[in-house]
Amino acid sequence: MRLRSDCTAVVLACLVGIVSPATAAPNGELRVCADPNNLPFSNSAEAGFENKLAAMIAESLGRSLSYTWWAQRRGFIRNTLKADKCDLVIGVPSGYDLVETTKPYYRSTYVFVSRQDEHLDLSSLLDPRLHRLVIGVHLVGDDGNNPPPAQALGQLGIVDNVRGYSIYGDYRQADPPARLIEAVERGEIDVAAAWGPLGGYFAEHSKVPLTVTPIQDGARFTPQQFQFAIAMGLRKGDHALRDRLNAFIDEHRSEIAALLRSYGVPLVDEPVTASGGHE
């Protein structure tokens, strides 16, 4: 999610340093660190898809499941995985260099979210209507580390009609990233450009029908990326757990995909290279 985007706050730290594998968890325990207020990913009621996936993993490994809760903001990895408060973070960008990563277990994309009754059917950042529509985007901070749609719109000179909504929001309220999609629902903005899992989930739970459409032309804005492969993260050097998790992912891909779809997560295939393989 590091990739210079929010990846909807899956990983928000820009940290350095590597630690050696820490003391092993007690026998029979799978220790997971997660955000207690970050649906559709996780919450303290264990209602997110990452919570459900953690439960599946624990059952498959024959372990009990325990949590350490920590807001997924800057310093999350340093204060959780690297502090030996857990052994596993369920959602990180594939290849994230602060942790050992498993193989990806899903790939998603940024999307446009709009009201069905507006019939916008947007799919392209080059759509001329974006110069006049009010567009909402998530903002991560003031350090240039904002998500790809915000960067791409800026490159296109689409600025004055863009409204920013903090990915962190007011943490005293439930699910702060939902405010962006709620703004579409209320008609406060015409369209939101959001990370797919967030856009898909909150659109499905909207009080009014919303349309979710993958952004199709992100490749035009390289090096910005609009699709990301998501893996699980563990301490560097913990190859035994990594290998067991990779085996779990291979054996349960259909169940994982069904779980993600039940949360409205838009799934995309891995891009095919010119040689016919996958990136």
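I start with H138, which is buried at a relative accessible area of 3%; buried means under 20%, with a 1.4 Å probe and protein chains only. This is a predicted model, in which local features need pLDDT of at least 70 and side-chain atom pairs count only at pLDDT 80 or more, while totals for chains, interfaces and linings use all residues. Residues are numbered from 1 along each chain as its sequence is written, and side-chain values use heavy atoms, with hydrogens and water left out.

H138 sits in strand β8, residues 135-139. Strands are DSSP runs of E, at least two residues, and helices are runs of H or I, at least four, numbered from the N terminus. The side chain of H138 comes to 3.0 Å from the backbone oxygen of P177.

Now the whole protein. There are seven helices and 12 strands. Of the 279 residues, 53% are buried.

Next, the largest pocket. Its volume is about 320 Å³, the space filled by probe spheres set on grid points joined across faces, edges and corners. A pocket here is an open set of points on a 1 Å grid over the protein atoms alone, where a 1.4 Å probe fits, with protein on both sides within 12 Å along at least five of seven lines; lining residues have an atom within 4 Å of a point. The lining has 14 residues, and Y105, Y106, R107, R253 and V268 lie nearest the centre. Two or more lining residues come from each of β7 (106-115) and α7 (253-262). Helix α7 gives the most, four residues.

How values were computed. Buried means under 20% relative accessible area, exposed over 50%, partly exposed in between (1.4 Å probe, protein chains only). A polar contact is a pair of N or O atoms within 3.5 Å; within protein, one must be able to donate a hydrogen and the other to accept it, and residues adjacent in sequence count only if both atoms are side-chain atoms.
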